[in-house]
Amino acid sequence: MLSDRATTPRNPLLIRPTRPLPRKVGIVGAGTIGPDIGYYLKSALPDLELVLVDVNQAALDDAVSRFSAYAAKGVKRRKMTEEAAAKVVQGIVATLDYADLAGCDWVIEAATEDLPLKRRIFAQIAEVVGEDTVITSNTSSLPASRVFDELPNPGRATVTHFFAPAWRNPAVEVIAWEHGSQDVLDWLRWTFCKTGKVPMVTDDVLCFMLDRVFDNWCNEAALCLDAATTLEVDSVAHDYVHAGPFFVLNLANGNPIIWHTNTLQMEEGEHYRPAGLFRSVDTWVTGKPGSRVEMTEGVAAHVRTRLLGSLFSQSCDILDRDIALPADLELGCTVALGFKQGPLGLMAELGQSEFDLITRGFDEQRPGGPTPRRTVAEYTDFARHVLVDDLDGVRVLTIRRPQALGALDDRVTAELLAAIEQAEGDPSVEGFVIIGYGDKAFSAGADIGRFPECLGDTELSAQYARDCSGLLRHLDGMTKPVVAALNGMALGGGLELALRCHGIVATERAFLQFPEITLGIAPGIGGMVVPYRRWPAAAGVFHDMLRTARKLKAVEAASLGVLDGLADSYESLVELAVGRVRELAGHVAGITEGPVDVGELPPVEPYAGKQLISREVIDIIGAAIRDAAAATDFEEALEIGYRAFAASACTPAAREGVTAFLTHRRPDFSKTG
Ligand code: COA
């Protein structure tokens, strides 16, 4: 079944769905996750008619008041306008009557993990909805082939498994199963991506992909209690997850669930037998997430082998059985399960010999489970953040790093470069489009998490900027066209990437911005150089963008000639970008080599909107703009930019701005200069 992955686009927004976005959705089950799914859908599609069905009026009343409370919180946190909040709570029918589901395009079942109950629910749903209504179950463990075996027209049904909190957690598993229709699977992936989720196609096995990892991680934690305490186990786990297994089990009231799901997995072997404690313990003794307790080295090593052994055993099994793609496993473990990095990244970091020690040690203590069949190098040879698709001879590279709005770390740029290099010499590839994932961001810039290690060190910072420029320098020398398709915000380093592409197109809602000054740093990888050499007539606008973080809306960028075209949707953006690649084929122009006139740099007030910014860094940027414009060749101009970035990284303002971002507070530049 999963071989269909080869014929369907990796980027769900390249799918041409056979149905429109849903207009009326039903959710059966008003417990916790059902209303959370409903809230996510209403926030993304405010005009949606939503029908919530339950057998319990009190649960329905609670669900409706939860919608209002979430919306009020959204407004308070400035994530939502008052107008949007008002719409989110409109158009909701909370009902005891299944007949209200009539006319739904899609019904999602979110009841308890009880197969006979689910079958009864589906029979009731099928009686009132059309033959074509998409029906999905949020089961975390039961294969679609069991849940839907009695459903009329089962092709329109599958499992869509959400993760808590479903209104915010972007991960959702979409199950590819024997009788499921490819059209429905594609429509679900497209709809999820359009509404801000990250769908991951998973095979129809017990517990799918992520619960196999999570359930066995928790089960192993409980099985370790013969040699360690819950606090010790959570403490060891904190090296790998934001919250230890016992803390999460308490939070999710997970003991009965693990009992149930691991009992199910015992169909695959005795190895999966759940710890008896899941039946006798209500609540575990835990500390705060991240907290550490003292323990002997022996205990720590034992727990580590068992936890990582289980993690690697399950992860390798998922890949060996082709249950899901490695990039989805990696992303799902971080965004849905709270791992600090995915299991494959962890494997690569530990290396083959440490991996062997752990997996062999685990197999000795817990024989009978899946064991790795390949080397670490083989398991970890895949692109984590770049999805590669082909559209009639144009290679579309999608940056998928939703947890950081497409921010560019070394791995993302290395993967983009590798994907380009791999196809550049292929005559059947006319050129490339680089685009972001979903509707929000092309890229929110360079990964700010990397900045602290550069702060205060001029040479290191300048070298960091040079090292970050590998992809951009490659683009400068290319003859095959690369077009940036700005599907949303293009910020900082993300904008610097777009500006180096040979053409740029954008959706009307996109915007371009250099927010670096609000972090107390200068845009170091061409931002102070390239715009002036490509669009000198717009120099005045770039002065403001670079020194005061002025946003440039796509419409204005198009009128200045920075953009080659505007589109009204992601879909038409892709078409426009592909068309632009074709136009540019054979006509890729290099960036001006000689000096350019950037006109006057008028003095500016040290404010980005209402935010006070650093005068010192404004001056560093101003000087770099002037010096780079006067440089005799492009390379020298770029070097001026790298060094200006380094100078800014050594200011007190940089330390304040970067620390403020990383600790989620507003920067205060009043004392930094
Ligand atoms: N580097 C690293 N992480 C980034 C990032 C970047 N450039 N931009 C966003 N992220 C992360 C956020 O830290 C957040 O992670 P968290 O959920 O673990 O806290 C996640 O992406 C979502 O961002 P968030 O800030 O919650 O979304 P928002 O919609 O409220 O705000 C922005 C979006 C773009 C305005 C905000 O993220 C931002 O200011 N980012 C920095 C942009 C920047 O200065 N770029 C230039 C760097 S060269």
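Visitor: Which residues does Trp-106 touch, not counting residues up to four places away in sequence?

Guide: A contact means heavy atoms within 4.5 Å. Trp-106 touches Pro-22, Lys-24, Val-25, Gly-26, Leu-41, Thr-133, Val-134, Thr-136, Trp-187, Leu-188, Thr-191 and Phe-192. A word on the source: this is a predicted model, where local features need pLDDT of at least 70 and side-chain atom pairs count only at pLDDT 80 or more, while totals for chains, interfaces and linings use all residues. Residues are numbered from 1 along each chain as its sequence is written, and side-chain values use heavy atoms, with hydrogens and water left out.

Visitor: Which residues have the most contacts inside the largest nonpolar core?

Guide: In soluble globular proteins, nonpolar side chains tend to be buried together. A nonpolar core is a set of buried Ala, Val, Leu, Ile, Met, Phe, Trp, Tyr and Cys residues joined through side-chain atoms within 4.5 Å. Buried means under 20% relative accessible area, exposed over 50%, and partly exposed in between, using a 1.4 Å probe and protein chains only. Here the largest core has 109 residues, and Leu-41, Trp-106, Trp-217, Leu-337, Phe-339 and Val-433 have the most contacts inside it. Helix α12 (residues 297-320) gives the largest share of this core, 9 residues. Apart from it lies another core of 88 residues, including Val-482 and Phe-514.

Visitor: How many helices and strands does the protein chain have?

Guide: Helices (H or I, at least four residues) and strands (E, at least two) are DSSP runs, numbered from the N terminus. The protein chain has 27 helices and 20 strands. Of its 673 residues, 57% count as buried.

Visitor: Where is there a cis peptide bond?

Guide: Most residues other than glycine have a negative phi, and most peptide bonds are trans. In this model a cis peptide bond joins Ala-164 and Pro-165, with omega about -15°. Pro-165 sits in the loop between β6 (157-162) and β7 (171-176).

Visitor: And positive phi values: is Cys-207 buried or exposed?

Guide: Cys-207 is not a glycine, yet its phi is positive, about 65°. This residue lies in the loop between β8 (198-203) and α7 (210-223). Cys-207 is buried, with a relative accessible area of 0%.

Visitor: What is the phi of Leu-405?

Guide: Leu-405 has a positive phi near 50°, and its place is the loop between β10 (394-399) and α16 (410-424). Leu-405 is partly exposed, with a relative accessible area of 30%.
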